Amino acid sequence: MTKYVITGGKPLYGTIDISGAKNAAVAIIPAALLVDGVCRIENIPQISDVTLILNILQDLGAEVRTVNRTTVDIDCSHVRNQPVPHQLARKIRASYYLIGALLSRFGSAQVPPPGGCDLGGRPIDQHIKGFTAMGADVDVRGGYIHATARDGRLKGSQVYLDIVSVGATMNIMLAATLADGLTIIENAAKEPHIVDLANFLNSMGADIMGAGTDVIKVRGVDRLAGGTYSIIPDQIEAGTYMAAVAAAGGQVRIHNIIPKHLECITAKLQEMGVSVVEDGDDLVVSRRGALSRANVKTMPYPGFPTDMQPQIAAVLCLAQGTSVLTEGVWDNRYRYVDEFRRLGAQIQVDGKVAVIEGVSQLTGAPVRACDLRAGAALVIAGLAAHGVTEIDSIYHIERGYEDIVRKLTGVGADIRVVITPDQEEAQANAG
Ligand code: EPU
């Protein structure tokens, strides 16, 4: 069993480099399936979700060549249209992008229902609504989502999303890229990774307009050609380290970010008394005095991101006064609250609302990461807490944060990876 062991209470000083965006990478890599020729993708984060999606492409016959630590060449010329293996697809949410990508390229796809963090119900009805509007038959049989274009190729169509969905917006963009005619996605999501996917596809020859607004127009083309593309920096990774400085104190330069993508997080931290100063492609975050309470509601971009909700909760736990946190995207994103309570946090949850009474000090304890962002939030709480915090199930964190231990030790945090034999193994050895 691998744990993080954090001795908290040390302010952070130095610079943290931000990696490429996870939620852009896990869509852009499957998008390589649409490209005739070699795609060079730069600024890929080294995280387990990326390894998984690359493994899925390789299983389908893609050639993946590592150029350097953050760059891969992907050649999908010899990809076969075969069912995506269960054991890979179920470990990752982004496997749903294979439906749009394979449907676009081959006119059919067989993909198991996706996995990912448990945040309550995670339906994909809006993805299916889009594929159906484009002339696909979609059903679930034998553990697979089967999607087949009735005429062999999807047809452009108008799709109004009933709910603003990041995944559905990107999946329909993928499906529409090689479709016959114009697809219009209305009530589209506007997250930075949606613009990044559109920029990637356009740089390979697609015709996509309006990404980043709520109406996206995709005019289908016959083929995409190879090229080179660099993924944007990770908004949520940057926000997580900003929250860590807010909670633990100190001064850290968050290097290589797009300040615009972080405006809502910056504004909220400033409201709480944290200094955030923009300096070119960096933000300098510092906190010396007390934190003030704040209310936070998560919403689709450009609102406060749901993927920062547990991390901002960690900061609010240490703010003076009562804060109200409202989850506006997921049904159940407070599963981490019991773990926070072990550290001395005072949080009451009622449905989508959490009321947080700030405490002057958290104290270290053994805790468990229950999902990716909740795990990151426990790291933040552990950095600020007095004493030692041990976090297990850290594989959740490593799905989305490249080199988190190295990055934090680089700014003075006392965080170590400790490997202990798990109990069953220890008992077997003892026997
Ligand atoms: N929804 C539907 N029907 C659909 C799709 C979504 O009802 O067909 C609902 C969901 O249940 C949810 C809301 O719409 O209430 C938004 O879901 P969305 O589709 O936007 O989420 P997603 O595509 O499944 C991505 C990220 C999540 C992030 C959300 C929201 C990836 C791989 N995942 O999920 O990231 O929370 O967008 O921004 O891009 C994370 O990185 O920790 C993470 C969970």
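Reader: Which residues of α10 are buried?

Author: This is a predicted model. In it, the buried residues of α10 are Gln309, Pro310, Gln311, Ile312, Ala313, Ala314, Val315 and Leu316. The helix is mostly covered, with 8 of its 8 residues buried.

Reader: At what angle do α10 and α12 pack?

Author: The angle is about 25°, and the axes of the two helices are 7 Å apart. Helix α10 spans residues 309-316 and helix α12 spans residues 372-384. Because angles under 35 degrees count as roughly parallel, α10 is roughly parallel to α12.

Reader: Is that crossing left-handed or right-handed?

Author: α10 and α12 cross in the right-handed sense.

Reader: Which residues make the contact?

Author: From α10, Pro310, Gln311 and Ala314 take part. From α12, the contact uses Arg373, Ala374, Ala376, Ala377, Ile380 and Ala381. Sorted by type, the residues of this contact are 7 nonpolar, 1 polar and 1 charged.

Reader: What covers the buried residues of α9?

Author: The cover includes α8 (235-248), β15 (275-279), β16 (282-287), β17 and α10. The residues being covered, that is the buried ones of α9, are Cys264, Ile265, Thr266, Lys268 and Leu269.

Reader: What follows α9?

Author: Gly273 follows α9, and its phi is positive, near 100°.

Reader: Why is Asn256 partly exposed?

Author: The relative accessible area of Asn256 is 31%. That value falls in the partly exposed class because buried means under 20% and exposed means over 50%.

Reader: What about peptide bonds? Which residues does a cis bond join?

Author: Tyr301 and Pro302 are joined by a cis peptide bond, with omega about 10°. Pro302 is in the loop between β17 (296-297) and α10. As background, most peptide bonds are trans, and most residues other than glycine have a negative phi.

Reader: Changing topic to Tyr4. Where does Tyr4 lie?

Author: Tyr4 is part of strand β1, residues 2-7. Tyr4 is buried, at a relative accessible area of 0%.

Reader: What is Tyr4 in contact with?

Author: Leaving aside neighbours within four places in sequence, the contacts of Tyr4 include Val379, Thr389, Ile391, Ile397, Ile404, Val405, Ile415 and Val417. Glu390, Glu398 and Arg416 are also among them. Ile394 is another contact of Tyr4. Tyr4 and Ile394 are 390 residues apart in sequence, yet their C-alpha atoms are 7.2 Å apart.

Reader: Which side chain does the Tyr4 side chain join in a polar contact?

Author: The side chain of Glu398, in a polar contact of 2.7 Å.

Reader: Glu398 is in helix α13, residues 395-398. Is His396 buried or exposed?

Author: His396, which has its place in α13, counts as buried at 16% relative accessibility.

Reader: Last one, Arg223. What does Arg223 touch?

Author: Not counting residues up to four places away in sequence, Arg223 touches Asp36 and Leu178. With Asp36 there is a polar contact between the side chains, at 3.1 Å. Arg223 itself is found in the loop between β12 (215-219) and β13 (224-230).

Reader: Arg223 and Ala206 are 17 residues apart along the chain. What separates their C-alpha atoms?

Author: A separation of 8.0 Å.

How values were computed. Residues numbered from 1 in each chain as written. Predicted model: local features only at pLDDT ≥ 70, side-chain atom pairs only at ≥ 80, totals over all residues. Heavy atoms only, no water. Helix = DSSP H or I, 4+ residues; strand = E, 2+ residues; numbered from the N terminus. Buried < 20%, exposed > 50% of the residue type's maximum accessible area, 1.4 Å probe, protein only. Axes fitted to C-alpha atoms, helices over the stretch in contact; angles between N-to-C directions. Parallel < 35°, antiparallel > 145°, perpendicular 65-115°, else oblique. Left-handed = near helix turned anticlockwise from the far one by under 90°. Contact = heavy atoms within 4.5 Å. Nonpolar A, V, L, I, M, F, W, Y, C, P; charged D, E, K, R; others polar. Polar contact = N/O pair within 3.5 Å; in protein donor to acceptor, adjacent residues only side chain to side chain.
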